[in-house]
Each structure stands twice: as C-alpha cells, then as structure tokens.
Amino acid sequence: MADIVVPEYNPDKPNGGNSLDEDVNAQYAGLEFHYTYLLFCATLVWFIIPGVGLLYGGLSRRKSALTMLFQSFAVCGVVCFQWMFWGYSLAYSRTGNAFIGNLDNFGLKNVMSAPSPGSVLIPEIVFCLYQMLFCACTVMLVAGGAFERGRILPSMIFAFCWATVVYCPIACWTWNANGWLFNLPSLDFAGGGPVHIASGWSALAYAMVLGKRQHKGEKIHNKPHNTTLVFIGTVLIWFGWFGFNGGSALNASLRSMIAAFNTNTAASFGVLGWVIVDYIRTKGHFSVVGACCGAISGLVGITPAAGFVSVWLAALIGFLTGAICSSMQGVDKWLKIDEGLDVFKLHGIGGMVGSFLTGIFAQKWVSALDGASQYSGGIDGVGVQVGRQLAEICAISSYSFVVTCILLYALKFIPFMHLRVSEEAEMLGLDHDQFFDEQIGDWSAHEQYALDGVAHASSQNSVKAVPEVVPNKEM
C-alpha cells in the first residue's frame, strides 16, 4: 500500500492520456476499488428515478398515474442528453467562475480517464455519470409540480431548460471547487441544496404557474389511487439513497460507510417522527402513505449531513425532519397553491431543515474519516456555520423559485407551448389525453365494467346513470 501513488490531474493531458499510446488505467493502480464503488453507487442512484415515478403514480388518481411512470423514463432521456451536451460542463468545468461553469467540456470533450474535479481517486467519466443521475433525480422531483394537469411535451422542454439554468448553476455554486458556496463554505454532503431545496421550490413555482387542478367535487381528489405503488416506489427510493449518500464522499473510505449507515438511520427515524405526529393528529390511527412520506423526509433531511454527523445525530435529524414535515400538512392551503404531490413539503421544507441542522450538528471527526476533510458546525464551537447554511438556504430557495417562474412564464407564452392540458382533458385524465390505448392496471376489467354500466343505464332509459359510471373507469 505504501507504493501506491495518488493520481494527479495533468493540464497537458485533460482527457487523461491517449489510450493508444499509454495505459490510462495505470494511474489508478491499487485504487480501483474507489471508482468501482462509485460506479456501484451510481447504479443504486438510478433506481431512485423510476422509484419517484412509481411513488408519484401511486399518489395520483388512476386516470393520471401512467403519466408519472412515463415521465420517469422521459426525464432520463432528456437529462442524459442535456448533461452530455453542456450540463456537465456548466456545472463542473475546472475553469468556470463562482456562479457557472464554461463550455470547456462541451459535448463531454476531454471527459474520460483524467482524475475528476470532485476527487482525484475517480476517473472523470465515472464522476460524470454519477452526477448526471443526481441531475435526473432532481428533474424528476420537479416534474411532480405539474401533477395531473401538465402536458408532457412542454414538461420535457422545461426539463432541459430547467436543468440548464437552475440545476447546473446551483450545482456549480455548491460542489465546483470555484463555486461561491463551496468556498464560503456551506456544508452540503449529497445535495440538500441543489437537489432538494431547489426541486421543492421549483415544483412549488411549477404548480403556481399552472394553477389549481379542476376537480369539481370529486371524492377521490387528493386521494392516492394505489398505496401499493406508493410503497414500492418508496422502497426503490430508500434503496437508491444508499448510493445517493453513500457515494457522495467520492471514495470508498469509512466516511462513505458512515454516510450509508446514517442514510438508513435517518429514514427509519423519519418514519417514527412522521407516524407519531400522524398518530396524535388522527387520535390513534396510522397511514402507510404517511410512513412512506416519513421515510422520504428522513432521507431528505440527512442528505446534506450524511458525511458530517455521527449515527445518533443522524437519528435526531431524521426524526426532527419527519416530525416537522408531517406537521406541515396544511402548507398548500396556507400558500393557496395546489402542489398535490407534496414536493415542496418533503423536499423543499425537508431540505431546508436538513441544511440548517447540518450547520448545528456537523462534527470534524466524522468528516475526517476520509483522511482528508475537516468540517465543523455549531456543536464543535463553529457557530458561524449556521449562518453559512442559512445563506445557502436563502440563495438557493430564492434563485430556484424566481428563475423557475421566469422560465415557465416564458414557455407559457410561446405559441403551441401550452403547459397545461384543457379542462376537458384534465377531467378525463392525462393518461387518456396524452397516451394511446394505455391505462395503468388491468384496463380490460375497467372497460367491461364501464360497458356493463352503460348497458344497464340504457335498459333503464336513464341518461343520468351514465356519468356516475364513467368516473369509475378513470379512477
């Protein structure tokens, strides 16, 4: 082990060297486990994307659930293109400024075997993949703001633009060595700001610009149509989060291991925090959807702190975030914005809580577990770190909300770029309007039920019976 040489970035070989002339793998000899571990974590992070699609699909009414499943894959396609085109360069180019990268890596130019800007232990191509999946997860969260009323094609164009003008600059601030938040420094281990605070406020802006849903007295309004899908989606998200937080040290050190442990701890205690508040509010009842939301809020809360706190502090952060988010049940009514998937409540508020608590509880000995980092918070006597975290929260919240609003209003007034479906299409359901001959679940049983209902209504010569059957088809 004493003979192992840590790779160094060579500006004369920005791509890491010509593989036809030299062995580009040689510089990582003895260190392969680091990038192998990160590649494994990247595959885990990918599961979050369809997990969010399943979660959102289960929370939707049946007639609009398929849209959320489709968008999870559509987002993968759009973000992959955006990241390869210029997204990675705007976020992580080495010669960018404090606010945005440049186009030195446009089209992934020179992104291959050189030590990455995030860690010299990781080839840049692996780092690029890992960070691309972070961007895709974030965009999928923002897509929840168009819940049950947004058109798919404009939402994909919005996804490309949002990743460019919102996510990439904030990622540059936070994680690029030139970024102003990175050098403040604010502490954000795995994305409390760029992922959660940004997506929460942006989803709120999306819902506000689109306006409230049309439901006209439907009893199933705001009711999840399939709790099983919600549970499965949460399982995939929880599973994927081990890679989300566990890989964010960008090495396979003990710091990565404690980050993975903290991830599970915070999610588990988030369930307890949410369920206890639910139990008190409902006077002795439980909710599977509530437990799932509690797990996600715990995961969100620990994201900025995972590599900075001990396991018992991770438990406290998870519990507090779950309890606080559960207590914010009426936030949509207070704000008078119909954000039905609770992206703002879980990710916006949860992300802000987690970032604030990171400033209080960050411990130097935990960050030092990677052998190189030393960051402290209020618990170590560095009270100014709380102020730095508040600066991060305020900057990312205001930027993401305002810029998302500007972007959406700009798209809204482009001819043929209608962000929202018609009222008739919304009442029939997005799946009926946006897809051809597809429904979620066993469509044949529902079709037969509807036909039987219509036949029965005709035999009774009652036209009033038909509308009572049709909504069951769309549920």
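Biologist: Which helix gives the largest share of the lining of the largest cavity?

Modeller: This is a predicted model. Helix 2, helix 4 (124-143), helix 7 (192-210) and helix 8 (227-246) each supply at least two residues of that lining. Four residues, the largest share, come from helix 2.

Biologist: How many cavities of 30 Å³ or more does a search of the whole structure find, and what is the volume of the largest?

Modeller: Searching the whole structure turns up three cavities of 30 Å³ or more. For the largest cavity, the volume is about 80 Å³.

Biologist: Which residues lie nearest the centre of the largest cavity, and how does its lining divide into nonpolar, polar and charged?

Modeller: The lining holds 13 residues, and nearest the centre lie Ile-48, Val-52, Leu-141, Trp-241 and His-347. By class, the lining residues are 11 nonpolar, two polar and no charged.

Biologist: Are helix 1 and helix 2 roughly parallel or roughly antiparallel?

Modeller: Helix 1 (residues 32-46) packs against helix 2 (residues 48-59) at an angle of about 15°, and their axes are 5 Å apart. Angles under 35 degrees count as roughly parallel. Helix 1 is therefore, relative to helix 2, roughly parallel.

Biologist: Which residues of helix 2 does helix 1 meet?

Modeller: The contact of helix 1 with helix 2 has six nonpolar residues, no polar and no charged. From helix 1 come Leu-44, Val-45 and Trp-46; in helix 2 they meet Ile-48, Ile-49 and Pro-50.

Methods
Residues numbered from 1 in each chain as written. Predicted model: local features only at pLDDT ≥ 70, side-chain atom pairs only at ≥ 80, totals over all residues. Heavy atoms only, no water. Axes fitted to C-alpha atoms, helices over the stretch in contact; angles between N-to-C directions. Parallel < 35°, antiparallel > 145°, perpendicular 65-115°, else oblique. Contact = heavy atoms within 4.5 Å. Nonpolar A, V, L, I, M, F, W, Y, C, P; charged D, E, K, R; others polar. 1 Å grid on protein atoms, 1.4 Å probe; cavity = no way out; pocket = protein on both sides within 12 Å on 5 of 7 lines; lining within 4 Å. Points joined across faces, edges and corners; volume = space filled by probe spheres on them.
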